[in-house]
Amino acid sequence: MSRPRADARAARGYSLDDVAETTGLTVVEVTAFENDTDFDASRIRRTAAALGVLDKI
């Protein structure tokens, strides 16, 4: 099963911990976002900004 958000993170060389630290989210929150179980707009924007893909959402 493809996980495009996790793939985008990994392609940029970020671990879950890296994204969590950069965004101020927990690893659980980042994982929920990657697994399509969290749809909080502010978390999505913060994660997209951290991955450098904010302009793609």
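User: Which residues are in contact with Thr 47, leaving aside its neighbours within four places in sequence?

Analyst: Thr 47 is in contact (heavy atoms within 4.5 Å) with Val 19, Thr 23, Leu 25 and Phe 33, once neighbours within four places in sequence are set aside. The model is predicted: local features require pLDDT of at least 70 and side-chain atom pairs pLDDT 80 or more, while totals for chains, interfaces and linings use all residues. Residues are numbered from 1 along each chain as its sequence is written, and side-chain values use heavy atoms, without hydrogens and water.

User: Why is Thr 47 called buried?

Analyst: The relative accessible area of Thr 47 is 3%. Buried means under 20%, exposed over 50% and partly exposed in between (1.4 Å probe, protein chains only), so Thr 47 counts as buried. Thr 47 is found in helix α4; helices (H or I, at least four residues) and strands (E, at least two) are DSSP runs, numbered from the N terminus.

User: What makes the buried residues of α2 lie on the same side?

Analyst: The buried residues of α2 (16-23) are Val 19, Ala 20 and Thr 23. They cover an arc of only 100 degrees around the axis, taken from the directions from the axis to the C-beta atoms, and therefore share one side of α2. The face turned away from that side carries the exposed residues Asp 17, Glu 21 and Thr 22. The cover over the buried residues of α2 includes α1, α3 and α4.

User: What makes up the largest nonpolar core?

Analyst: Val 19, Ala 20, Leu 25, Val 30, Ala 48, Leu 51 and Val 53 form this core, 7 residues in all. At least two of its residues come from each of α2 and α4. The term requires buried Ala, Val, Leu, Ile, Met, Phe, Trp, Tyr or Cys residues joined through side-chain atoms within 4.5 Å.

User: Why is the pairing of Arg 5 and Asp 36 called a salt bridge?

Analyst: Their side chains meet at 2.1 Å, N to O. A salt bridge needs a side-chain nitrogen of Lys or Arg within 4 Å of a carboxyl oxygen of Asp or Glu, so the pair qualifies. Arg 5 is in helix α1 (residues 4-11) and Asp 36 in the loop between α3 (27-34) and α4 (41-51), 31 residues apart. Both partners are partly exposed, Arg 5 at 31% and Asp 36 at 40%.

User: What are the values for the salt bridge of Glu 34 and Arg 9?

Analyst: These side chains meet at 2.5 Å, N to O. Glu 34 lies in α3 and Arg 9 in α1, so the pair ties together parts 25 residues apart in sequence. Glu 34, at 6%, is buried, and Arg 9, at 11%, is buried as well.

User: Which residues are linked with Asp 38 in a network of salt bridges?

Analyst: Glu 29 and Arg 43 are linked with Asp 38 in the network. Asp 38 and Arg 43 meet at 2.8 Å, N to O; Asp 38 is buried at 12%, whereas Arg 43 is partly exposed at 26%. The whole structure holds 4 salt bridges.
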